[in-house]
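Hello,

Here is the structure I promised to pass on. Please look it over first; my notes follow below.

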Amino acid sequence: MNLIKQAVLTFSMAISFGASTVALAEDAKANEVIAHIEEAIAEINKHDFNAAYIHEKAARSASDEIVGNEATVKQGLDSLIKAQIIGKSADEPKAIAELNKALSIYKSI
């Protein structure tokens, strides 16, 4: 009986560790997206839309790797796409507003 209890305890610990590792991986990708968005905002403040575009593209790529929260990720991705489109017309206030919107969405994950 004692052996069964130990096996069940070990199994449950392994499952919980695996679940926490997945959660940490999601957080890492969300943090990567947040970092790229913040860098894009900084580049737009410097009037460098090309560098901002590169960070927005990197944020989109990292966003694709976030699992779970599909609806939230889609909203954030939509805001990133809008920011890229607005950035091509060099409209700083609108691009920054859209990036801030995406930033708040990804921080909620």
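**Helix packing and core**

Helix H2 (residues 49-63) packs against helix H3 (residues 70-88) at an angle of about 160°, with the axes 10 Å apart. Axes are lines fitted to C-alpha atoms, for helices over the stretch in contact, and angles run from 0 to 180 degrees between N-to-C directions. H2 is therefore roughly antiparallel to H3 (over 145 degrees). Contact means heavy atoms within 4.5 Å. On the H2 side, the residues making it include Phe 49, Tyr 53 and Ser 63. On the H3 side, Val 73, Leu 77 and Leu 80 are among them.

This is a predicted model: local features need pLDDT of at least 70, side-chain atom pairs count only at pLDDT 80 or more, and totals for chains, interfaces and linings use all residues. Residues are numbered from 1 along each chain as its sequence is written, and side-chain values use heavy atoms, leaving out hydrogens and water.

Overall, the chain has four helices and zero strands. Helices are DSSP runs (H or I, at least four residues) and strands too (E, at least two), numbered from the N terminus. Of the 109 residues, 31% count as buried (under 20% relative accessible area, 1.4 Å probe, protein chains only).

Now the core. The largest nonpolar core has 22 residues. Such a core is a set of buried Ala, Val, Leu, Ile, Met, Phe, Trp, Tyr and Cys residues joined through side-chain atoms within 4.5 Å. Val 33, Ile 37, Ile 44, Leu 80, Leu 99 and Tyr 106 touch the most other members. H1, H2, H3 and H4 each give two or more residues. H1 gives the most, with seven.

Best wishes

Key
Angles under 35 degrees count as roughly parallel, over 145 as roughly antiparallel, 65 to 115 as roughly perpendicular and the rest as oblique. Buried means under 20% relative accessible area, exposed over 50%, partly exposed in between (1.4 Å probe, protein chains only).
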